[in-house]
Amino acid sequence: MIQIVFFFFAAVTVGAAINVIAQKHVLYSALSLILLLTAMSVLFILLRADFLAVIQVIVYAGAIMVLFIFVIMLLNLPRDEDGADRLRWLKFIGIPLGLFFLFLVGATVWNVEPSSAQPQLVGSAQAIGQSLFTDYVLPFEATSLLILIALIGAVVFAKKDL
Amino acid sequence: MIPAAWYLILSAVLFLIGVLGFFLKRNIIALLLSVEIMLNAVNLTFVVFSAQHRQISGQIFVFFVLVVAAAEAAVGLALVIAMFRNRESLNVDRSNLLKW
């Protein structure tokens with residue numbers, strides 16, 4: 001039963017990811033990425049990372065992707081002139097090389113000890129909060145600085161003349 | 001139950017798709033979306049190892065990756081707006097002033 005759920009949502013994530021890079025218009029790519037993020041949150045639930053699943057939907061699909069879609073619609077984009085000529089041959093080299101990379105990763109992963117990712121541990125908000133505010137206080141505070149810098153940087157870049 | 005290897009292979013597939021998108025697309029917003037795919041693939045790996053080793057640290061790292069992704073999206077999209085204002089195009093091949 002769990003396997004069926006896993007395979008269904010794994011297929012959804014892979015299909016959505018392929019759709020993201022296959023679409024010509026970037027708005028459809030962004031919408032497809034939202035589907036990917038939502039399916040990914042189901043995989044998080046299967047791994048009992050409950051809090052992250054919620055955060056994934058609220059912050060990623062809800063906030064970051066809204067930012068993307070907002071900008072896409074703001075810019076009123078021209079049609080995508082994809083695939084410049086000098087990149088044409090890259091596809092024929094890149095895709096086989098990528099598949100080879102995938103084969104290497106798959107072979108490596110398959111040969112390590114067979115263990116099941118098993119949900120003993122529940123990533124509840126309490127557990128994550130406790131760890132975040134004891135062991136990871138310094139990174140957490142550094143994060144706030146990072147966000148402040150990103151905020152100022154975004155304003156500086158996007159403003160016409162400061 | 002589901003072996004951890006399945007999750008890892010799924011994560012590798014997603015990461016591969018992200019890399020291919022990053023190298024094959026020329027629209028800068030599509031590149032940012034490809035980066036998001038890659039970040040999500042890495043997040044999945046973190047959560048799988050967190051569940052496998054029964055340590056919460058992996059999920060904390062996902063949290064930080066999320067924050068960095070948000071910062072990257074904000075700054076990246078600001079750059080996109082600035083670039084579109086200057087060139088009327090989002091093609092990364094067009095903005096090659098540094099490449100003389």
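Figure 1. B:Arg54 sits in the loop that joins H2 and H3 of chain B. Helices (H or I, at least four residues) and strands (E, at least two) are DSSP runs, numbered from the N terminus. The structure is a predicted model, in which local features need pLDDT of at least 70, side-chain atom pairs count only at pLDDT 80 or more, and totals for chains, interfaces and linings use all residues. Residues are numbered from 1 along each chain as its sequence is written, while chains are lettered from A and ligands numbered from 1 in the order in which they are written. Although B:Arg54 is not a glycine, its phi is positive, about 55°. B:Arg54 is exposed because 11 other C-beta atoms lie within 10 Å. A residue is buried if 20 or more other C-beta atoms lie within 10 Å of its own, exposed if 12 or fewer, and partly exposed in between, with C-beta atoms placed from the backbone. In chain A, the loop between H2 and H3 holds A:Arg48. Phi of A:Arg48 is also positive, near 60°, in a residue other than glycine. A:Arg48 has 20 C-beta neighbours inside 10 Å and therefore counts as buried.

**Figure 2. Packing of H2(B) against H3(B).** The axes of H2(B) and H3(B) are 9 Å apart and meet at an angle of about 175°, so H2(B) is roughly antiparallel to H3(B). Axes are lines fitted to C-alpha atoms, for helices over the stretch in contact, and angles run from 0 to 180 degrees between N-to-C directions. Angles under 35 degrees count as roughly parallel, over 145 as roughly antiparallel, 65 to 115 as roughly perpendicular and the rest as oblique. Residues that H2(B) brings to the contact include B:Ile29, B:Leu32, B:Leu39, B:Phe46 and B:Val47, and those from H3(B) include B:Phe61, B:Val62, B:Val65, B:Ala69 and B:Met83. Two residues are in contact if their C-beta atoms, placed from the backbone, lie within 7 Å. By class, the contact of H2(B) with H3(B) has 15 nonpolar, six polar and one charged residues. Ala, Val, Leu, Ile, Met, Phe, Trp, Tyr, Cys and Pro count as nonpolar, Asp, Glu, Lys and Arg as charged, and the others, Gly among them, as polar.

**Figure 3. Surroundings of B:Leu39.** B:Leu39 belongs to helix H2 of chain B. With 20 other C-beta atoms within 10 Å, B:Leu39 is buried. Leaving out residues up to four places away in sequence, B:Leu39 touches B:Val65 and B:Ala69. The C-alpha atom of B:Leu39 is 12 Å from that of B:Ile17, 22 residues apart along the chain.

**Figure 4. H3(A) beside H3(B).** H3(A) and helix H3 (residues 57-87) of chain B have axes 10 Å apart, at an angle of about 5°, which makes H3(A) roughly parallel to H3(B). H3(A) contributes residues including A:Leu52, A:Ile55, A:Tyr60, A:Phe68 and A:Leu75, and H3(B) contributes, among them, B:Gln59, B:Leu66, B:Ala73, B:Leu77 and B:Phe84. This contact of H3(A) with H3(B) has 19 nonpolar residues, one polar and no charged.

**Figure 5. The side of chain A that touches chain B.** The contact takes 71 residues from chain A and 61 residues from chain B. Helices H1 (2-22), H2 (26-46), H3 (50-75), H4 (88-111), H5 (125-134) and H6 (137-158) of chain A each give two or more residues to this side. H4(A) supplies the largest share, eleven residues. The side of chain A that touches chain B comprises 52 nonpolar, 14 polar and five charged residues.

**Figure 6. The largest nonpolar core and B:Val47.** The largest nonpolar core holds 65 residues, and B:Ile29 and B:Val47 have the most contacts inside it. A nonpolar core is a set of buried Ala, Val, Leu, Ile, Met, Phe, Trp, Tyr and Cys residues joined through C-beta atoms within 7 Å. H1, H2, H3 and H6 of chain A, with H1 (4-24), H2 (28-53) and H3 of chain B, each give two or more residues to this core. H2(B) gives the largest share, 14 residues. Neighbours within four places in sequence aside, B:Val47 is in contact with A:Phe44, A:Leu47, A:Ala49, A:Leu52, B:Gly58, B:Gln59 and B:Val62.
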